[in-house]
Amino acid sequence: MGIVELSVLKWAHIIAMVYWLGGEWGVFQSSFNIVNRKLSMDERKRHLETAYRIDILARTGILLLFPLGFHMGNIWGIQPYGGWVLVAVWSVFALWLMLCWSAFFFRETDRGVKLTKIDEKLRYILIPVIAICAISSLLGNGPFIAVEGMRWFSVKILLFSGLLCIGLYLRFVMRQWTTIFRQLAEKQDDALEAELENSIRISRYLAYLYWIIIAGVGFLGATKPF
């Protein structure tokens with residue numbers, strides 16, 4: 001039963017990674033047309049809408065990766081917390097996914113912006129918690145087992161916390177897109193256009209780093225080198 005369970009979890013983990021990596025690439029490509037002043041505002045808004053529809057799958061993949069990895073870690077014996085802890089972790093992330101999708105459905109409204117801000121604040125909690133747990137484990141203090149042959153798990157968790165930091169910044173940028181486009185819909189403003197272009201220019205450099213680290217995380221999970 002454990003082997004079948006692990007195989008299904010691995011499959012789901014791969015799917016989540018694919019949606020995460022592919023989704024970020026889709027948003028990246030859409031951003032070129034979002035800031036293109038040669039296009040009409042309606043056309044640019046359609047590309048923004050496309051970016052949001054792609055991004056929700058990437059966000060879903062990101063949120064699923066942690067409970068999937070945590071669950072597999074218990075089967076592998078790398079983290080000792082199963083039973084009710086696993087149920088609690090899955091329950092928390094299920095509720096978080098509901099929040100994320102609610103923010104997506106209401107993305108063009110003040111309610112959507114408010115829900116997105118709540119989503120971001122939850123990351124302020126998760127990021128330091130998992131980073132501290134990973135560093136503590138690598139120092140031999142738990143909660144994860146980081147002996148020879150099992151250190152990859154804690155390193156992977158640490159890198160994942162870094163990816164969440166980059167992702168959090170990119171969430172800020174997408175929320176800013178919504179606000180700026182609502183203002184541009186009322187009147188043309190060169191200062192707002194410049195602000196939009198600058199935010200996306202910075203985000204593109206971070207996106208390159210994002211993909212490199214995602215590839216590194218995938219490599220650690222596949223090879224388990226140390």
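In what follows, Ala, Val, Leu, Ile, Met, Phe, Trp, Tyr, Cys and Pro count as nonpolar, Asp, Glu, Lys and Arg as charged, and the others, Gly among them, as polar. This is a predicted model, in which local features need pLDDT of at least 70 and side-chain atom pairs count only at pLDDT 80 or more, while totals for chains, interfaces and linings use all residues. Residues are numbered from 1 along each chain as its sequence is written, and side-chain values use heavy atoms, with hydrogens and water left out.

On a 1 Å grid over the protein atoms alone, a cavity is a set of points where a 1.4 Å probe fits but cannot get out, a pocket is an open set with protein on both sides within 12 Å along at least five of seven lines, and lining residues have an atom within 4 Å of a point. Points are joined across faces, edges and corners, and a volume is the space filled by probe spheres set on them. Helices are DSSP runs (H or I, at least four residues), numbered from the N terminus.

By this rule there are three cavities of 30 Å³ or more.

| Space | Volume |
|---|---|
| Largest cavity | about 180 Å³ |
| Second largest cavity | about 150 Å³ |
| Largest pocket | about 330 Å³ |
| Second largest pocket | about 240 Å³ |

The lining of the largest cavity divides into ten nonpolar, two polar and four charged residues. Helix 1 (2-34), helix 5 (151-184) and helix 6 (190-223) each supply at least two residues of this lining, and helix 6 gives the most, with six residues.

For the second largest cavity, the lining has eleven nonpolar, two polar and one charged residues, and helix 1, helix 2 (41-76) and helix 5 each supply at least two residues of it.

Which classes of residue line the largest pocket? Its lining divides into 16 nonpolar, no polar and no charged residues, and the largest share, six residues, comes from helix 4. The second largest pocket is lined by 13 residues, of which H13, I14, K156, G221 and A222 lie nearest its centre.

Finally, the axes of helix 2 and helix 3 (residues 83-105), which are lines fitted to C-alpha atoms over the stretch in contact, with angles running from 0 to 180 degrees between N-to-C directions, come within 10 Å and cross at roughly 175°. That makes helix 2 roughly antiparallel to helix 3, a term for angles over 145 degrees.

Technical notes. Angles under 35 degrees count as roughly parallel, over 145 as roughly antiparallel, 65 to 115 as roughly perpendicular and the rest as oblique.
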